[in-house]
Amino acid sequence: MTTTTEISQLFPRPLWQWFEQICAIPHPSGHEAALSAFIQQWAKERNLPVVVDHVGNLILRKPATPGMENRKTVVIQAHLDMVPQKNADKVHDFATDPIQPWIDGDWVKATGTTLGSDNGIGMASALAILGADDIQHGPLEVLLTVDEEAGMTGAFGLQAGMLNADILINTDSEQEGEIYMGCAGGVDAEMVLPLAWQAANQQHKTITLSIAGLKGGHSGVNIHLGRGNANKLLARFLAGHAAELQLTLSDFKGGSLRNAIPREAQCTFTIPAEQVELLNQRVNQYQGILQAELAATEPALRLSINEAVSASQVMTSGAQKQLIHLLNACPNGVIRMSDDIVGVTESSLNVGVVTTRPESVSVLCLIRSLIDSGREQIESTLQSLSDLAGAQLTLSGCYPGWKPDTSSPVMAIVKATYESIYHKAPEIMVIHAGLECGLFKKHYPHLDMVSIGPTIRFPHGPDEMVNITTVGQYWTLLLAVLARIPEKA
C-alpha cells in the first residue's frame, strides 16, 4: 500500500492534489459544510467570486483568459457529497474520519470504504482549472451542488438567475471514451407495513441470521450486472423456511442507501431449541444454492448464524407473513431494457433499505427509468403490492430524466475533440444513473449540456476505484474542449 502523498504526484498533479485534499475533509451527503467552507476560503484567497445559494450550492467564477473574453460561458458542474459505505469490519465515521486512498497499479482505491471519486474527481478537476494560470478558457463558472447522492437537494434547489452560462459540462459520468447526452429519471418509493407484536416464548432460542460479502454497487450503473440484493436473498430464505422452522421474527434490517445495491442484511428471530439443528442444515443448503447461482457475480457471499440477546417480543403470525410476502414478492433489478439504445437499462427497481421500527417496517426503494411511463408502471406495481400486503406506499423526490439532444452543439465539439486527440470515435451514450442535468433544465432550458468523466468502477460501494490513466485522459479532453468553445453569436 502506498501513501496518499504519492497520489498528489500523479498526472495531472493539480487535479490529484485537489482530490487528496477532498479525501482529507469528510463530506458524506448532508455533511458537506466543512468541505464547502474550505473551498470558499480558498476561493476568497485567490480573489475568485464565490456565491452560496439558499440550499448550500457553491457557484464560483473565473474571468476568461486573455483573448477569449468573447467565448460562450461554460459552467463545469460536480457535486460536493459522496456516498458513505464501508465494509462491516471497517471502523470509520464518515462524518469525522478522512478517506484513506491508496494506489493499486493503475487504480486508486480506498481502505475499506467508498473512495468518493464519484464525484470527487470531477470536483477536483473543476477546482484545479479555477486555480490554474496556464489553461485557456472563456468565461468560466463552477457549480458544486449539495446532497446529490441522497436526494439531489442542490439540483432541486438551484434557482433561476444564479448561472450565466450557455454550456454546462457535467463531470459525473464514469466511463472514459463515453460521452453522455441523457440519463434516467427516478423516484423514491417507501412501503410502510404496520406491525403487530406478541410476547416472545422465553423457552425459545434467539438467533440472528446474516448475509454479507456481496459486492453491492450503484443501483443505476451496476443494476444490470446480476448482483445479489441482500434484502431479497434473505427474504427468499424466510419465504421458503420460516414456517418449517417455526421461527418468529423480531427484527429485519438491510441496506443503508436507497441508491446502493444492499451488500448486507440480517434478521433476528426466536426458534424452538429442537429446530436449531434443522436451521443450520437449511442455511448451509441455501448458501450452497446461492453460491452456485451467483458464483460469477458474488464469490464472497456468506451466510452466518449467531445467538442473540433474548427477544422480549416478536411479530404476530399475520404481521410476519405479510412482511415476508411483501419482501419476497417485491420486484428488484432490471425491469426492462431499452429498445432504442442497445445495452442500456430502461427501467429498474432497487429494494435498497429495510428498517424495522416499533410500529412498522419500512421498505425504501429507488425506481429509475429513461421514460416516464416506465417509472409509472413500476409505481403502479408497487401500489398493487402495497395494497395486497396492507402497506402504505409513499412516492417522493421525483426527478426528471435528461432527454437526449442529438443536435447538441457542445456534444459535437466534445466528440470532434475526442476524435482529434485519441484518433477514435467515442461512444455517445445515455446512462441509467440519475444525473442532475435534467433538473437544471427546469430553470435553464437554454443550457447546452454534456457529461464526461474518467473510468470509475463499483461506485457506491467499498470496492469503488478510479482508473489513473483515464483521469489523465479525461483532464486532457476537458481542457481541449474548453479551448474550443466558440464565440458568442
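## Ile341

Ile341 counts as partly exposed because its relative accessibility is 25% (buried means under 20% relative accessible area, exposed over 50%, partly exposed in between, with a 1.4 Å probe and protein chains only). Ile341 lies in the loop between strand 16 (333-337) and strand 17 (345-356); strands are DSSP runs of E with at least two residues, numbered from the N terminus. Val430 is 89 residues from Ile341 in sequence, and their C-alpha atoms are 7.8 Å apart.

## Basis of the model

This is a predicted model, in which local features need pLDDT of at least 70 and side-chain atom pairs count only at pLDDT 80 or more, while totals for chains, interfaces and linings use all residues. Residues are numbered from 1 along each chain as its sequence is written, and side-chain values use heavy atoms, with hydrogens and water left out.

## Strand 18 and its partners

Nine of the ten residues of strand 18 (residues 360-369) are buried. Strand 18 runs antiparallel to strand 9 (residues 185-194), with ten bridges joining them; two strands pair if DSSP finds at least two bridges between them. Ser360 of strand 18 is the bridge partner of Pro194.

Strand 18 also pairs with strand 17, in the antiparallel sense, over nine bridges. A hairpin of three residues joins strand 17 to strand 18. Val351 has Cys365 in strand 18 as its bridge partner.

## Cysteines

The whole structure contains zero disulfides, a disulfide being a pair of cysteine sulfur atoms within 2.5 Å. For Cys365, the nearest cysteine sulfur is that of Cys330, 4.4 Å away. Cys365 counts as buried because its relative accessibility is 0%.

The sulfur of Cys398 is too far for a bond, because the closest cysteine sulfur, in Cys183, is 12 Å away. Cys398 is partly exposed, with a relative accessible area of 37%.

Technical notes: Helices (H or I, at least four residues) and strands (E, at least two) are DSSP runs, numbered from the N terminus.
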